[in-house]
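Please open the structure in your viewer and keep the sequence beside it, so that each stop of this tour can be selected in turn.

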Amino acid sequence: MHDLKKRAAAVAIAVSVLAANAAELPAAKADERVGRIEEMLGGKAGAAAVKACLDAHASEKFVPMIESIWHAHLDGVGMTTVDITGKRQSCYYNVKTRSVERLHSPFDATGPLFLAAEAHPAKPEGECIVARRVEVAGVFRGWMVAQRPPQAEPGPDACSVPVWEDIR
């Protein structure tokens, strides 16, 4: 029962935060956003999606909140949840199957990032990964890892946005 009250409070807080954020938008956009939020959260499908995505946001100590919510496709609701630590998750809920279809914690650091030798002694590889060996006084310390720049021609490629998922 206590957990249910906590979740209900989280939903109420999320609606308040979204409405407050919408209040900062120009009047026409604010009305549109508040209307969309109320529409999404007002129906059974939206309420179920909110509950499922908030439950899926793994956090032992912090109550997750909804940062944004949208129609993902004909049978789905998408939302970004966030907690006070800054952890974000994109959650996609399928209304027909009544289940979380996809859960993703975005990692969009632009880099470069340092990868310690103790954690990854082999050269990191991946389609969009470029790694440079780091040595200090002749001792191997790790790797400076960055995104491969996008290729100019013939247009955007797989590495036009940060892609870290394929690092190995």
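Begin by selecting Cys53 and Cys91, which are joined by a disulfide with an S to S distance of 2.0 Å, where a disulfide is taken to be a pair of cysteine sulfur atoms within 2.5 Å. A disulfide is a covalent bond between the sulfur atoms of two cysteines. By this rule the count is one disulfide. This is a predicted model, in which local features need pLDDT of at least 70 and side-chain atom pairs count only at pLDDT 80 or more, while totals for chains, interfaces and linings use all residues. Residues are numbered from 1 along each chain as its sequence is written, and side-chain values use heavy atoms, with hydrogens and water left out.

Next, colour helix α3 (residues 44–56) and strand β3 (residues 88–94): Cys53 lies in the helix and Cys91 in the strand, so the pair ties together parts that are 38 residues apart in sequence. Helices (H or I, at least four residues) and strands (E, at least two) are DSSP runs, numbered from the N terminus.

Now turn to the bond itself, where the torsion about the S-S bond of Cys53 and Cys91 is about -75°, so the disulfide is left-handed.

Are these two cysteines buried or exposed? Both Cys53 and Cys91 are buried, meaning under 20% relative accessible area, whereas exposed means over 50% and partly exposed lies in between (1.4 Å probe, protein chains only).

Finally, select the whole protein chain, which has three helices and seven strands, in the order α-α-α-β-β-β-β-β-β-β from the N terminus. Of its 168 residues, 29% are buried.
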